[in-house]
Amino acid sequence: LLLRRVAAATLRVHHNVDHHNDGDGVGDDAGEVRADVVLQSQADGIEEAKHQRCEVGLGGVRRAEDHAGKGDVAAGVGHILGKGAVEVAERQVRARERAEHAAQDACQPLELRGVDAGRAQYQLGIPFVAVPTLASSDGFTANICSIIIDGQKKSIPMQAAALVVCDLNVVSGAPLWLTVSGISDILAKYISLADWKIAHLVSGEYYCPMVADLAEEALTIMRKAADDMAAGGKPDFEAMTMAQMISGLTMQLLNHSRAASGAEHLMAHLVEMKPPRFENAHGMHGQCVGVGTYLCAKEYHYLASLPTPKAKPFEPLTRAWVDEKFGPLADGIMKENENDVLGTFDPQNIVDHWDEIRAIIAEIPSAEELAALCEKLGAFYKPEQIGIDPALSEDMLSVSAAIRNRLTLIRMRRVLDFGE
């Protein structure tokens, strides 16, 4: 099933590899690996905001599409009016020819430069080959993308790559801090998988053991690679890249990111949305997720250490609270939470399963263990490392939980009374 969904080809490290990123082939001695469409997604630390917002620059392709669109409109008018149809059809043919020429610019493959080329391909309706140059994201095998729409982070459908070709010489040449950012993105599965298991336990949310096992496999691969690096070993770029690809496949199988994204990812979304008091927050996606993972691990273990809580009646988020925390983003947050998932089940279910929840939390590494690993890797885990006042750590948890109507343990705190 997985092989049908995506073919992932990894080129082993070798000499005489084409490093020019000029679209003429992946490797000079690795055979002429060519593609009709090449995705070039390169992270730039200086322009990290663009990387996060998934901006797509279509360049000549957009101009070609515009030409083709004009031809289609003209043909439609000619058909309706019944006059000058031949002339209109000729213009349409010429427009399509211009589109083809633009796509074949200088005999190069059609190139979509940008993080969200998969979304562009989805809109254009054509297959594409992804050629990742970093091991910092699991999006190369995913069929959804998260982008900012009207100031709010949304996940929307995209077309998954028909083939992923990864040259490890290129990946290994990227700045190490970008690779470390990718490690944090996968270690986040400690939290996302726990959130998914707990949500299934208390609300009956759909849970797929096979997909969960796949996410666990990606996590296991990445944790071993991280531990080896922390011990002074060389980065295992092949293992880390494969972990990213496997994680992305979980999204294809589910058509959403439940296995790969939990409460920790919502804190990364908070950084990108920049609500009041978080305007100066910044960082690569994986860096922000790493901070979220650490804060969630710390909070989850703390909750597990407390006596069994009591259930509280569900109350929707108030407009006053949302206005205070989100300012100009409040309308979108209110709409997102119209059908709050907390109101779909009895909060007593959480209390009744608290011992099982404690057991799930016990599988998450302690905050101290994660911090020690991050220190050795040079990975971010402190709020101040992404421009956030540590005093806002609690607000990072509660405010981010309202960004997406997804059931997480952080969100469940609203219907639990710990007697504090």
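1. Across the whole structure, a search finds four aromatic pairs, where rings of Phe, Tyr and Trp (its six-membered ring) pair if their centres lie within 6.5 Å, and planes under 30 degrees apart count as stacked, over 60 as edge-to-face and the rest as tilted. In one of them, the ring centres of Tyr 294 and Tyr 381 are 5.1 Å apart with the planes at 70°, so this pair is edge-to-face. The pair links distant parts of the chain, since Tyr 294 lies in helix H12 and Tyr 381 in the loop between H17 and helix H18 (393-400), 87 residues apart. Both tyrosines, Tyr 294 and Tyr 381, are buried (under 20% relative accessible area, with exposed over 50% and partly exposed in between, for a 1.4 Å probe and protein chains only).

2. This is a predicted model, in which local features need pLDDT of at least 70 and side-chain atom pairs count only at pLDDT 80 or more, while totals for chains, interfaces and linings use all residues. Residues are numbered from 1 along each chain as its sequence is written, and side-chain values use heavy atoms, with hydrogens and water left out.

3. Helices H12 and H17 pack with their axes 8 Å apart, at an angle of about 155°, which makes H12 roughly antiparallel to H17 (the term for angles over 145 degrees). Thr 293, Tyr 294, Ala 297 and Lys 298 of H12 meet Ala 367, Leu 370 and Ala 371 of H17, contact meaning heavy atoms within 4.5 Å.

4. Of the 12 residues of helix H7 (residues 176-187), 10 are buried, so H7 is largely enclosed by the rest of the structure. The cover over its buried residues includes helix H8 (189-203), helix H9 (209-230) and helix H10 (237-254).

Note on methods:
Helices (H or I, at least four residues) and strands (E, at least two) are DSSP runs, numbered from the N terminus. The expected span of a helix is 1.5 Å times one less than its number of residues. Axes are lines fitted to C-alpha atoms, for helices over the stretch in contact, and angles run from 0 to 180 degrees between N-to-C directions. Angles under 35 degrees count as roughly parallel, over 145 as roughly antiparallel, 65 to 115 as roughly perpendicular and the rest as oblique.
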